[in-house]
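Visitor: I am new to this structure and would like to learn how to read it, one feature after another. Could we start with the side chains and then move on to the strands and helices?

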Amino acid sequence: MKITVQSSKAIRPARGGAGGGAPSTAADAAIPLTVFDKANYDLYISGINFFRPPAPPNAALAAGLARALAEYREWAGRLGADAADRRAILLTDAGARLVEATADVALGAVMPMEPAPEVLGLHPDGDGAEELLLVQLTRFACGSLAVGHTMHHPVADGRAACNFLLAWGQATRGAAFDPAPAHGRASLFVPRDPPRVAFEHRGVEFKPPPARGESPGGRRDVAGCGGDEVVVRRVRFGQEFVAELRSRASAGAPRPYSTLQCVAAHLWRCITAARGLEAREVTRLCVAVDGRARMRCPRVPDGYAGNVVLWARPAATAGELVSRPLRFAVELLSREVARVDDGYFRSFIDFASSGAVEEERLVPAADAAETVYSPDVEVDSLLHAPFYDLDFGGGPPFFFMPGYLPVEGSVFVVRSFSGDRSVDAYVPLFSRAMDTFTKCCYSLEMADARL
């Protein structure tokens with residue numbers, strides 16, 4: 001598959017829209033990053049949606065993007081500092097980057113698209129970019145369209161990024177924005193007076209800065225590599241497999257555990273077994289918790305356009321994790337998710353706003369410099385992201401995949417577009433561990449037995 005870039009240009013907010021399309025000089029021309037924005041990964045996130053023909057022409061998609069940017073002006077801005085020298089989104093209206101490309105094959109010839117370096121040709125590379133949003137329209141020989149997006153994580157979490165993509169589709173079709181965008185970052189996360197830091201956030205959302213001579217990601221970006229390469233594999237858990245996982249994990253529980261909890265716990269156990277960790281080594285599972293469903297007084301609207309995510313981090317020794325049944329791991333995860341409630345989110349806001357982070361020179365634990373998570377596992381869920389609602393006028397996508405990200409132990413879980421409630425997991429591991437992982441992950445018997 002050869003991808004040829006035909007053009008690359010800036011798309012600015014449409015004049016006459018909510019943003020006016022002109023550079024800002026008012027006092028609100030800079031939006032300081034919130035404590036949630038600053039605590040999240042400082043990197044670009046990518047994904048690709050695939051559409052069957054007919055698809056709207058590129059000119060219509062570009063015009064729709066300009067209209068969406070008039071409402072979501074942060075995506076047409078740049079990162080910088082405000083008058084108080086705080087890191088901020090500058091509402092410059094400088095624009096997003098739109099790349100137009102063609103592929104020399106029919107899409108059917110390369111489907112199902114598997115995670116491999118070739119996928120990088122279907123979404124823009126954010127490395128060194130000034131733009132906060134970069135999109136690529138790739139036309140295949142059969143008329144199919146791939147829409148790749150690359151978005152800067154400090155601007156928005158996965159839910160908010162998906163809301164913007166939906167808005168782009170709605171603007172292209174001339175439909176109203178749904179959910180209604182909510183941009184008021186500062187008003188939602190005001191610390192309490194007096195502050196009440198009821199939980200420990202050092203060593204959880206924040207960590208000490210790297211020691212002198214240590215790489216920014218700490219030891220884990222080099223430890224255990226042994227010259228082995230990280231490979232990414234897509235594994236599909238069918239509807240019946242997922243239902244059986246939930247049944248076995250939920251037996252005797254007050255209520256059934258969720259699909260995400262059961263799949264994430266299953267992946268945690270299988271990855272730990274495949275890595276061959278020492279029995280006494282502690283492993284943690286990191287799963288994002290969306291504050292929109294947790295925070296009260298004030299509630300965070302569904303259409304909130306920034307980051308409002310913290311993480312549940314259950315821990316166990318490798319030995320007990322793989323020797324005890326799946327239910328053990330699911331119960332650990334369920335308890336930790338329940339703990340990240342409104343009180344925890346408010347405690348985080350109070351701590352992150354107290355000045356302690358700056359005084360102690362703490363840095364976010366969500367470290368974009370880490371390229372190896374072992375012995376830990378992170379599972380990022382897009383199960384409830386409504387990519388299937390994305391419609392530019394020619395119907396919804398028939399396939400979605402995250403961008404190629406070979407970070408060992410950083411797993412993406414997405415809803416399969418097969419329509420049968422199956423689940424796809426994109427799993428990056430060292431190649432030496434992948435065969436063991438694949439054999440383990442498809443075995444239901446392993447849910448009840450020692451791995």
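Guide: Let us begin with a charge over a ring, which is counted if NZ of Lys or CZ of Arg is within 6 Å of the ring centre and within 35 degrees of the ring normal. Here the charged end of Arg52 sits over the ring of Phe398, at 4.1 Å from its centre, and Arg415 lies over the face of Tyr388, 4.6 Å from the ring centre.

Visitor: What should I know about the model before going further?

Guide: This is a predicted model, in which local features need pLDDT of at least 70 and side-chain atom pairs count only at pLDDT 80 or more, while totals for chains, interfaces and linings use all residues. Residues are numbered from 1 along each chain as its sequence is written, and side-chain values use heavy atoms, with hydrogens and water left out.

Visitor: What average pLDDT does the protein have?

Guide: pLDDT is the predictor's confidence in each residue, from 0 to 100. The protein averages 91, and 92% of the residues score at least 70, but pLDDT stays under 50 over residues 18–27 and also over residues 218–224. Where pLDDT is low, the predicted coordinates should not be read in detail.

Visitor: How many aromatic pairs does a search of the whole structure find?

Guide: Rings of Phe, Tyr and Trp (its six-membered ring) pair if their centres lie within 6.5 Å, and planes under 30 degrees apart count as stacked, over 60 as edge-to-face and the rest as tilted. The search finds 17 such pairs. In one of them, the ring centres of Phe36 and Phe189 are 4.8 Å apart and the planes stand at 65°, so this pair is edge-to-face. Phe36 lies in helix α1 and Phe189 in the loop between α4 and β9, so the pair ties together parts that are 153 residues apart in sequence. Both Phe36 and Phe189 belong to one aromatic cluster, whose members also include Tyr304 and Phe345.

Visitor: Are Phe36 and Phe189 buried or exposed?

Guide: Buried means under 20% relative accessible area, exposed over 50%, and partly exposed in between (1.4 Å probe, protein chains only). By this rule Phe36 and Phe189 are buried.

Visitor: Which strands form the open sheet, and in what order?

Guide: Helices (H or I, at least four residues) and strands (E, at least two) are DSSP runs, numbered from the N terminus, and two strands pair if DSSP finds at least two bridges between them. Six strands form the open sheet in the order β1-β6-β7-β8-β3-β16, with mixed pairing. β1 (3–11) and β16 (399–402) stand at the edges with a single partner strand each, so one side of each has no neighbour in the sheet. β1 pairs with β6 (residues 96–103) in the antiparallel sense over eight bridges, and Arg97 in β6 is the bridge partner of Ala10.

Visitor: Which helices lie across strands of this sheet?

Guide: Axes are lines fitted to C-alpha atoms, for helices over the stretch in contact (heavy atoms within 4.5 Å), and angles run from 0 to 180 degrees between N-to-C directions. Helix α2 (residues 58–71) lies across β1, β6, β7 and β8, running at about 165° to β7, whereas helix α3 (residues 158–173) lies across β7 and β8, at about 135° to β8.

Visitor: How many residues of strand β15 are buried?

Guide: Strand β15 (residues 377–382) is mostly covered, with five of its six residues buried. Strand β11 (residues 282–290) runs parallel to β15 and is joined to it by three bridges, while β15 and β17 (residues 410–415) pair in the parallel sense over five bridges, with Val379 opposite Val411 in β17.
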